[in-house]
Amino acid sequence: MTTTLRAVLEAFQVAEAPLSLGQLAATLDVSPPLLEGMIEYWVRKGRLREAGTAGSACAACHQGRACPLIVKMPRRYELAAPGERAPEPPPPCGCCHS
Amino acid sequence: MPTVRIALAGNPNAGKSTIFNALTGARQHTGNWPGKTVAKQTGRLPLNGYDLELVDLPGTYSLSAFSAEEIITRDYILDECPDVVVAIVDASNLERNLYLVLQLLEMGAPVILALNMIDVAESRAISIDADRLSAALGGVPVVRLIGSRQVGLDDLKQAIARYIHQSERVRPRWVLPLPESVAAEKSRLQSLIEREPVLAARYDAGWLALKLLEQDDDLLDRVASFPIITAAMAEAVERISAATGEEPDTLIADLRYQVIGQIAAQAVTRGCAEPTTRSDRVDSVLTHPVWGVPVFLFLMWIVFQITANASAPLVDWIDGVINGPVVNWTQIAFNAAGLGESWLASMVIDGAIAGVGGVLVFIPVLMALFLVISVLEDSGYMARAAFVMDRFMQRLGLHGKSFLPLLVGFGCTVPAVYATRTLEHSEDRKITAFLTTFMSCGARLPIYVLFGTAFFGASSGTLVFAMYLSGIGVAVLTSLLLTRVIYRNKPVPPFVMELPPYRLPNRHTVWLQIWTQTRDFLRRAATLILAASLVIWLLLALPVGRGGRFGEVPPHDSLFGSVSAALAPALAPAGFGSWQATGALITGFTAKEVVITTMNQLYVGSGAESAPDSDLGSDLRAIAIGLGKALVLTVQEIANVVPRTINLLPGVALPELALVPAGAADEAGAPQLQSALRAAFTPLAAVAFNVFVLLYVPCVAAVSAMRHEYGTRWMLTQAAYTLAVAWLAAVLVYQGGRLLGF
């Protein structure tokens, strides 16, 4: 038997292009908040992970929000390789040429 | 007065602490949970002759052993047996929050469900039937709350009071419905647990059996000294897996989600006016696999129309003020001090004011850009742009996450290079960092606007847009070269992205972004650009070859002029082989804005627009009148973005708004630098020059970042490649344009 939770994971595995949370929720016929919870389950199990965002990428930059065209990137989830480590955060960049 | 213990549990951001504060007021104590660094908040509330001791449990999504917060919450409920557990849920996100509630009920905790943020849910047209919800959860009391406005707190207090008085026997008990295969195994395990007095005294045997089937690490440790139970559990897990083809923990979690889906179907109604639904409809166009990219490009075209055209009148006004009254007043001051012809006056006027002033005039351009981008960002569109372009990136063989550093590169290449660290694979990181330089950084924008307004007038926005697009085009070609020729093409993992609902931009947020970014630009103008201006002035004042005195040497015979003239022939095939243009590009290696600084010093220098004997009063009047005209013209240009955009359609010719007569708009004359550029460049050479600026070696800070991250070899490879591509592209544009008769 295939559970909805398993179907969530399989959707990540077979997807050929990025999906929005709404699209995946519609495909699986669940509400987006419920899907968020299911994704959270797989994140806890280490099978999915929350990918980096603009905020984290520039978190170490002393310019912070002063950097033009920086956008608040939405939350993004992707498959996690077993036992992998999170990427190293960037160091302070020193200056911003804009 | 008898003491009653009340625990507040809930997901992070469900408003738990707000309700805790509202209930306890100043009667609070803060400490740490024993042996943990997690903060523990307790407080007191007198209610109906009882002394309520409230404990604010850490925010958790679940009651597994995943984090310290979850273990603390679970252990508190197991060990301290609170008289009531108030489960606070975010009503606008009920389904996600119910997972924790179900787990609390499975434990047998005496739960009252507090539906918080009802107002947020209603604003999203989410209606929750409290009675049906209560019934679906086995009769659990449900209270509606708006914690932030202290609405419903009395109802919550009354519900707590009723619950305290209620006999335990009549309290609701909810059990997770299990399929036969799991229920039988749970029952067997439960019987074994009940036979162990130590375990039976501490845990609800049914709950422990279920958690053991879920392979809860923390509880597995606690039963490790009971071999009969661990052996039975291992066998049960194996049998369930064999029977269902699924791990028991996933199976049980899935059952909870199924139940939550059923409860939501009974108790939650979503109106068709729900913003999420509207967002979905808009998204069907904006994130469409085919239309998404053209829509994104069209919006960017509008952005650059507004940025370049709407800001042009204010750019002209600031230029007139700096090169007119400011230069005049400074000259008058030096004259009064008897230093009118000194090198010091030349350094201040020709160096500092011409150099820094040449960059400051572009503040309106940058503010316009910051404004439009902030509005797009705050409305939620930028998240869609990231989503759409991510898909596009994957088609190019790049990791979808590469879009982030590349997007940052439109602002500044330095953080963009560092942002490549968010990519997991070394090859992805190196390729993306290599491409960041082609994403035209904000420092190059004033150069495009300068040339665009000088040569193409109202179409300057199109030139700016074309430059950005060209940068993306070269990045695409380079990525294809790197991913398909040099590096092995790897499959890229897909992902799921949360797209927030669209909303009206917040004025405060938008203004804050404009201000912080403009302040940063001004800071740079006062430091780096001022220093570069003075160094360039010094190099222009130092004579070489034919002699001459310091500060009085013609620019061409200066150290700067000689070096630039020696390199200029290399750029002649691109149509801008003058020593001035070459010199400006050389100094652009310091920072791209310095290209304008240098040009202003070389082409304009001390050329003031009005006579030094003009009086302060008439100057101030002229400045005020000029500002008024510039503001009216700005409104006119913003309004004209619409007809100019529609007029792109063949056969359409909408009239443009004319608030100021055409002649009056040009009364002040074009800025001096733009006039000088028109004399020094042909339009085709101007485009070729912009293409070179777009593609050639990034500034020294970006090159340093590249070396820091990827080593000298990769940095030199990028520098050589960008220089070669820039030269080739500029020559192609210029020579190709000439062949086509431009």
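pLDDT is the predictor's confidence in each residue, on a scale from 0 to 100. This is a predicted model. Chain B averages a pLDDT of 85, and 92% of its residues score at least 70.

**Confidence in chain B**
- Helix H30 of chain B, residues 683-695, has the highest confidence in the chain, at a mean of 96.
- Helix H28 of chain B, residues 662-665, has the lowest, at a mean of 53.

**Strand pairing within and between chains**
- Strand S2 (residues 48-50) of chain A runs antiparallel to strand S3 (residues 76-79) of chain A. Three bridges join them.
- In this pairing, Glu50(A) stands opposite Tyr77(A) of S3(A).

**Nonpolar surface patch on chain B**
- Leu339(B), Trp343(B), Leu344(B), Leu538(B), Leu542(B), Phe550(B), Leu559(B), Val563(B), Leu567(B) and Ile586(B) form a nonpolar patch on the surface. Together they have about 790 Å² of accessible area.
- Helix H15 (343-360) and helix H24 (559-567) of chain B are the elements that give two or more residues to the patch.
- H24(B) supplies the largest share, three residues.
- Leu542(B), one of the patch residues, lies in the loop between helix H23 (507-541) and H24 of chain B.
- Leu542(B) counts as partly exposed, because its relative accessibility is 30%, between the 20% and 50% cut-offs.

**Cysteines**
- The count of disulfides over all chains is zero.
- Take Cys441(B) as a case. The closest cysteine sulfur to its own is in Cys699(B), 6.6 Å away. A disulfide needs the two sulfur atoms within 2.5 Å, so this pair is too far apart for a bond.
- Cys441(B) has a relative accessible area of 5%. The cut-off for buried is under 20%, so Cys441(B) is buried.

**Ala68 of chain B**
- Ala68(B) is found in helix H2 (residues 68-80) of chain B.
- Ala68(B) is partly exposed, because its relative accessible area is 29%.
- Pro58(B) is ten residues from Ala68(B) along the chain. The C-alpha atoms of Ala68(B) and Pro58(B) are separated by 9.1 Å.

Terms used
Residues numbered from 1 in each chain as written. Chains lettered and ligands numbered in written order. Predicted model: local features only at pLDDT ≥ 70, side-chain atom pairs only at ≥ 80, totals over all residues. Heavy atoms only, no water. Helix = DSSP H or I, 4+ residues; strand = E, 2+ residues; numbered from the N terminus. Pairing = 2+ DSSP bridges. Patch = residues over 30% accessible without salt bridge, like charges linked within 9 Å, V, L, I, M, F, W, Y side chains within 5 Å. Areas by Shrake-Rupley, 256 points an atom, 1.4 Å probe, with all protein chains shown as cover. Salt bridge = Lys/Arg side-chain N within 4 Å of Asp/Glu carboxyl O. Buried < 20%, exposed > 50% of the residue type's maximum accessible area, 1.4 Å probe, protein only.
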